[in-house]
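Open the model in your viewer and keep the selection panel at hand.

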Protein chains: 2
Amino acid sequence: MTQLEWLSASDAAQGIRDGLFDAEQLAQACLERIRQTEDQVQAWQHLDEAHALAQARARDADRREGRAMGPLHGVPVGLKDIIDTLDMPTEDGTVLHAGRMAGRDAAVVAKLRAAGAVILGKTVTTELATYAAGKTRNPHDPSRTPGGSSSGSAAAVAAGMVPLALGTQTNGSVIRPAAFCGVYGYKPSTGLVSRHGILKTSRTLDCVGWFARGLDDIALLAQALCGHDERDPDTRAMACPPFLRMLAEEPPLPPRFALVKTPMWGHADAATHEALAEVAEVLGEQCEEFNIGESVRAAWDWHRTIMEAEMAFNLEAEWTRGRDQLSTLLQQQLQRGREVTALDYQQSLARIPQLIDGFDELFQRFDAILTPAAPGSAPPLGSTGDPVFCTLWSLSGMPALNLPLLHASDNMPMGLQLVGRRGDDARLLRSARWLAARLQAA
Amino acid sequence: MTQLEWLSASDAAQGIRDGLFDAEQLAQACLERIRQTEDQVQAWQHLDEAHALAQARARDADRREGRAMGPLHGVPVGLKDIIDTLDMPTEDGTVLHAGRMAGRDAAVVAKLRAAGAVILGKTVTTELATYAAGKTRNPHDPSRTPGGSSSGSAAAVAAGMVPLALGTQTNGSVIRPAAFCGVYGYKPSTGLVSRHGILKTSRTLDCVGWFARGLDDIALLAQALCGHDERDPDTRAMACPPFLRMLAEEPPLPPRFALVKTPMWGHADAATHEALAEVAEVLGEQCEEFNIGESVRAAWDWHRTIMEAEMAFNLEAEWTRGRDQLSTLLQQQLQRGREVTALDYQQSLARIPQLIDGFDELFQRFDAILTPAAPGSAPPLGSTGDPVFCTLWSLSGMPALNLPLLHASDNMPMGLQLVGRRGDDARLLRSARWLAARLQAA
């Protein structure tokens with residue numbers, strides 16, 4: 001039973017299907033790992049061992065009794081604690097929602113259960129998925145932040161507590177913690193995954209994402225979670241991209257990468273600059289550098305205008321009921337959001353299609369954009385780090401991946417972000433696999 | 001050739017197909033009628049007789065040479081002068097756009113041309129499709145308004161100048177002029193007809209609509225114009241409702257009507273109150289009265305918040321470039337719109353689905369809502385009349401029809417408005433035909 005907790009989700013599901021071990025043994029291995037490391041990492045907001053094991057035994061009974069087995073059959077998954085679950089509390093990282101029972105499963109949770117997953121528990125989120133940190137620490141160094149807002153999900157996957165965990169991103173809340181914790185993180189294109197049953201902060205920007213220790217697992221979960229849902233009117237009525245099939249393919253031509261330096265380039269530290277330069281060197285002719293300057297400089301302001309205006313709308317009840325129980329930072333954000341005019345808000349929204357059109361031209365010549373995932377490795381506890389390298393891709397709704405392939409001189413993980421054309425998520429994964437192989441061979 | 005100008009579009013298209021007359025003769029009859037009455041009515045902003053006749057002759061050549069003929073082959077249509085046309089100016093009712101050539105056809109114009117229609121010319125709109133009146137007068141009494149903002153389109157159809165004309169509605173700009181001019185007017189469900197290439201004032205509320213002298217013609221045009229268009233992301237990816245087929249059917253059961261009195265009921269004059277009471281009496285058991293009071297009282301405020309906030313956004317260029325050339329009324333509206341907060345705006349938008357859900361319950365028991373189209377018959381020139389009886393249906397995006405079946409004691413037309421369930425447009429037309437027959441038999 002040793003090391004089951006470090007298996008990939010794909011291998012774990014295969015092992016259960018093949019009868020090499022069962023879902024209960026896998027769940028036990030993950031729970032044992034949690035017992036060993038949770039004191040240090042503190043990734044979990046809600047964990048009921050008996051309930052987790054009962055789910056695992058039910059999946060084992062499915063197999064014994066010849067019932068249908070889904071692609072995640074018996075695989076433990078962690079959920080950021082803003083994702084509603086019928087059978088566990090969902091407390092949204094705020095005392096205002098302490099003990100909250102949602103009375104329903106979010107759309108993604110229903111899909112996970114249909115695929116056979118074991119919902120292991122709920123992971124720590126920052127306050128209402130914004131900036132004020134929760135209790136979680138970086139598994140690589142407990143004096144540092146795991147990043148946020150999907151803090152517990154990233155840390156749990158990195159610490160070997162669970163092979164898969166769901167988070168959400170509105171600014172940099174998947175890619176940044178993935179980078180700081182050294183795991184794969186994926187934020188799909190806007191509209192691919194339903195947000196029904198998940199705390200709303202920003203209709204325009206909120207996006208479900210997830211963490212894993214390999215690209216196969218990212219694709220496995222994508223195949224299970226994407227799809228139109230009329231309860232989230234922003235999901236698109238399109239077929240799920242062929243993630244698994246494309247990830248298994250060789251690209252017809254070696255992919256081409258654009259190393260994009262935005263006006264925020266200077267926010268990254270020297271180690272990040274050097275690491276990106278080395279990646280570009282390894283890629284040689286397959287990589288071209290672009291400085292995109294003035295045309296996007298205001299995008300960070302557009303993002304803030306939209307995010308804060310929509311947060312003020314979506315968190316109106318919390319503001320009215322318990323403003324004084326919110327962090328000062330969040331109070332300030334909501335106050336600013338309440339002052340945004342409808343004119344500024346609409347003007348900022350109108351920039352998004354223009355931004356996408358601009359990048360679409362780039363994607364006629366390149367398969368993916370290469371960019372830092374964060375300004376550097378994880379900063380000390382307190383802050384959850386700066387999302388500045390994620391903002392542009394959250395705003396434009398383009399798919400983004402963190403590849404945990406770089407390290408700082410002290411061996412802390414550093415993220416490499418890969419961004420794809422909106423809607424072309426499967427190709428992004430295929431390019432990422434090619435890139436990872438190329439860098440590992442170098 | 002006498003009286004061709006008074007033919008319905010359906011009969012005119014049939015006559016041309018059958019060779020009873022040709023498109024040129026029909027266009028000549030309409031142009032002759034315009035020559036006789038335009039001095040008094042002033043419905044047209046742009047009319048190039050030679051260009052109109054050239055289109056008609058081209059359609060006649062199609063027939064002679066055996067080319068495909070569309071359902072509107074050879075039928076003259078007028079377009080509100082905010083609908084872009086490649087071959088005519090589109091001046092939007094403001095000196096700021098004088099001489100403007102759009103360089104494209106709006107999506108609905110392309111559909112009209114594909115259906116074989118002859119674009120006769122552009123009809124007078126109020127200033128930027130808002131409130132400040134244009135030159136058009138009511139064909140039934142030149143001292144009165146034709147209503148607005150689709151003033152020229154309603155008046156042209158009423159005066160026998162053209163069998164069909166397109167307008168738009170953001171508050172009451174199709175139903176109100178239809179009522180004042182005594183013609184059928186139809187505002188489809190939100191999302192049925194593309195607004196690509198039409199002046200934008202409010203993304204949420206703007207809606208294409210049209211005028212005709214009979215329900216068959218309303219349906220004929222609906223069948224030609226509805227459909228998804230990716231250039232208007234708010235059009236719905238659904239098949240065009242079966243307008244013509246359902247209009248030809250008998251309802252399986254006699255339709256039931258809800259005479260809905262909103263908090264605005266008192267805005268209507270005594271003649272309107274009496275006329276609605278008489279309609280209810282004729283319908284007997286098929287009609288039930290409802291007072292919907294407090295639950296919708298704020299809806300007129302929500303509508304104003306959304307409309308003015310979105311106008312401020314969409315008319316930003318006009319505000320910046322030529323604020324002093326806008327009417328005082330519009331300047332005031334835009335100033336108010338600029339002051340709306342994003343929070344109020346989003347809260348007002350969030351009311352729309354709640355409103356629709358409420359009415360959906362009513363539509364489980366009733367086929368259509370009966371309500372006045374306007375507070376009374378057309379007021380004197382100056383104002384374009386009060387849209388207060390249209391606001392709720394524009395806000396909720398429900399389909400609405402004006403039936404020109406009522407008259408004031410001085411014989412001026414009075415509108416009867418029929419409102420259907422959102423998306424159930426074809427049933428609304430079928431119910432309207434049943435109602436018209438019942439009232440005409442009484």
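Start with both chains of this predicted model. The same surface serves both copies, since 100% of the contact residues of chain A recur in chain B.

Next, select the interface. Here 12 residues of chain A are in contact with 13 residues of chain B. On the chain A side, colour helix 10 (299-314) and helix 13 (342-363), each of which supplies at least two residues of the side that touches chain B. Helix 13 of chain A gives the largest share of that side, five residues. By class, the side of chain A that touches chain B has eight nonpolar residues, three polar and one charged.

Now move to chain B and show helix 10 (residues 299-314) with helix 13 (residues 342-363); their axes come within 9 Å and cross at roughly 125°. That angle makes helix 10 of chain B oblique to helix 13 of chain B. The crossing of these two helices of chain B is left-handed.

Finally, display the side chains at this crossing. From helix 10 of chain B, pick Ala299(B), Trp302(B), Thr305(B), Ile306(B) and Ala309(B). From helix 13 of chain B, the contact is made by Asp344(B), Tyr345(B), Ser348(B), Leu349(B), Arg351(B) and Leu355(B). Coloured by class, the contact of helix 10 with helix 13 in chain B shows seven nonpolar, two polar and two charged residues.

Methods:
Residues are numbered from 1 along each chain as its sequence is written. Chains are lettered from A and ligands numbered from 1 in the order in which they are written. This is a predicted model: local features need pLDDT of at least 70, side-chain atom pairs count only at pLDDT 80 or more; totals for chains, interfaces and linings use all residues. Two residues are in contact if their C-beta atoms, placed from the backbone, lie within 7 Å. Helices (H or I, at least four residues) and strands (E, at least two) are DSSP runs, numbered from the N terminus. Ala, Val, Leu, Ile, Met, Phe, Trp, Tyr, Cys and Pro count as nonpolar, Asp, Glu, Lys and Arg as charged, and the others, Gly among them, as polar. Axes are lines fitted to C-alpha atoms, for helices over the stretch in contact, and angles run from 0 to 180 degrees between N-to-C directions. Angles under 35 degrees count as roughly parallel, over 145 as roughly antiparallel, 65 to 115 as roughly perpendicular and the rest as oblique. A crossing is left-handed if the near helix is turned anticlockwise from the far one by less than a right angle, and right-handed if clockwise.
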